[in-house]
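Here is a friendly briefing on a protein with a ligand. Have the sequence and the 3D view open as you read.

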Amino acid sequence: MLTALTRKVSPNLGQCELTHIPRQEIDLDLARVQHEDYEHALTESGCQVVRLPEEIYMPDSVFVEDVAIVLDEVAIITRPGVESRREEVKSISDALRKYRALSAINPPGTLEGGDVLKIGMTLYVGVTERTNESGIRQFVDLVKPYGYEVEPVEVNGCLHLKSAVTHAGGDTLLINRSWVDAKPFQGKDFIAVHPDEPYAANALLVGNELIYPANFPKTHSRLLDHNYTVKVVDVSELQKAEGAVTCCSLIFRQ
Ligand code: CIR
């Protein structure tokens with residue numbers, strides 16, 4: 001059984017952090033509807049959705065992926081790279097304590113879950129503005145005892161590693177090579193995003209299905225050409241907060 005931990009959209013989503021995109025007005029009601037549709041897609045894909053209450057004063061708290069990495073053996077509570085997101089870890093720790101033993105990244109380390117791409121026993125970790133060397137070093141020490149390999153990966157031009165590359169299933173990655181080099185992912189197959197859709201590399205693999213944003217039709221059709229089952233969700237308002245589909249849930253085995 002898969003659990004998907006989510007959190008209700010904050011009424012202050014409009015005050016979110018933005019790094020690579022300009023601020024646009026967010027339709028909060030629509031953001032909430034889109035988030036519910038996303039949760040519905042998770043349920044349809046076989047997850048039991050556990051939704052945490054909103055955190056009114058934490059604008060980015062809907063993006064739960066960034067504050068923890070949940071492995072079968074342990075959950076690592078992260079230390080976000082921006083001050084405004086550091087309080088988010090409290091309620092996530094309380095929620096995850098029911099399911100896993102907890103470990104944490106401590107100062108001066110920073111690490112965000114959007115920078116961690118797990119493929120089998122390899123954890124690729126983006127080196128970004130949000131994830132620093134100390135964070136990666138601590139992460140290695142925490143996961144090595146369970147047999148995981150950690151591969152640091154340079155990322156340029158986007159927020160997180162998973163803005164640039166995600167797992168489409170099997171040995172295949174969906175990638176935007178202008179933000180991340182394919183070399184660290186030796187032995188993998190690649191589907192490139194369509195050049196008109198730079199943000200299209202973020203897909204959420206649940207079982208054998210991909211939950212995927214509605215506004216990347218050209219890359220979507222590349223996924224269909226490779227016989228993927230794609231479930232489309234409209235997340236336009238969450239994208240205005242520099243969010244994507246992986247970042248709105250923490251998915252783990254119970
Ligand atoms: C932030 O800048 O932290 C949020 N506005 C967006 C976080 C998106 N997280 C993700 O893609 N993993």
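**The ligand and its surroundings**

A polar backbone atom of Glu-17 lies 2.8 Å from a nitrogen atom of the ligand; a polar contact here is a pair of N or O atoms within 3.5 Å, and within protein one must be able to donate a hydrogen and the other to accept it, while residues adjacent in sequence count only if both atoms are side-chain atoms. This is a predicted model, in which local features need pLDDT of at least 70 and side-chain atom pairs count only at pLDDT 80 or more, while totals for chains, interfaces and linings use all residues. Residues are numbered from 1 along each chain as its sequence is written, and side-chain values use heavy atoms, with hydrogens and water left out.

- A polar side-chain atom of Arg-85 is 2.9 Å from an oxygen atom of the ligand.
- In the side chain of His-160, an N or O atom lies 3.4 Å from a nitrogen atom of the ligand.
- The protein buries 98% of the 350 Å² that the ligand exposes when taken alone (accessible areas come from the Shrake-Rupley method with a 1.4 Å probe; for residues, only the protein chains shown count as cover).
- There are 14 residues around the ligand, and Glu-17, Asp-60, Glu-65, Asp-66 and Ala-241 come nearest (near means that a heavy atom of the residue lies within 4 Å).
- Where does the ligand sit? The ligand is in the second largest pocket.
- A pocket is found on a 1 Å grid over the protein atoms alone, as an open set of points with protein on both sides within 12 Å along at least five of seven lines, whereas in a cavity a 1.4 Å probe fits but cannot get out; lining residues have an atom within 4 Å of a point.
- A molecule sits there if more than half of its atoms lie within 2 Å of the grid points.

**The sheet β3-β4-β5**

- Three strands make an open sheet with mixed pairing, in the order β3-β4-β5 (strands are DSSP runs of E, at least two residues, and helices are runs of H or I, at least four, numbered from the N terminus; two strands pair if DSSP finds at least two bridges between them).
- Because β3 (68-70) and β5 (102-104) are at the edges with a single partner strand each, one side of each has no neighbour in the sheet.
- On average, neighbouring strands of this sheet are turned by 20° against each other, direction ignored (axes are lines fitted to C-alpha atoms, for helices over the stretch in contact, and angles run from 0 to 180 degrees between N-to-C directions).
- Strand β4 (residues 75-77) pairs with β5 in the parallel sense over 3 bridges, and Ile-77 has Ala-104 in β5 as its bridge partner.

**The hairpin β6-β7**

- Strands β6 (residues 116-119) and β7 (residues 122-127) are antiparallel and share 4 bridges, with Leu-123 in β7 as the bridge partner of Lys-118.
- Between β6 and β7 of this hairpin are 2 residues, and Gly-120 in the turn has a positive phi of about 60°.

**Backbone details**

- Most residues other than glycine have a negative phi, and most peptide bonds are trans.
- Pro-107 and Pro-108 are joined by a cis peptide bond, with omega about 5°; Pro-108 belongs to the loop between β5 and β6.
- Asn-227 has a positive phi, near 65°, and is in the loop between α5 (217-225) and β14 (229-233).
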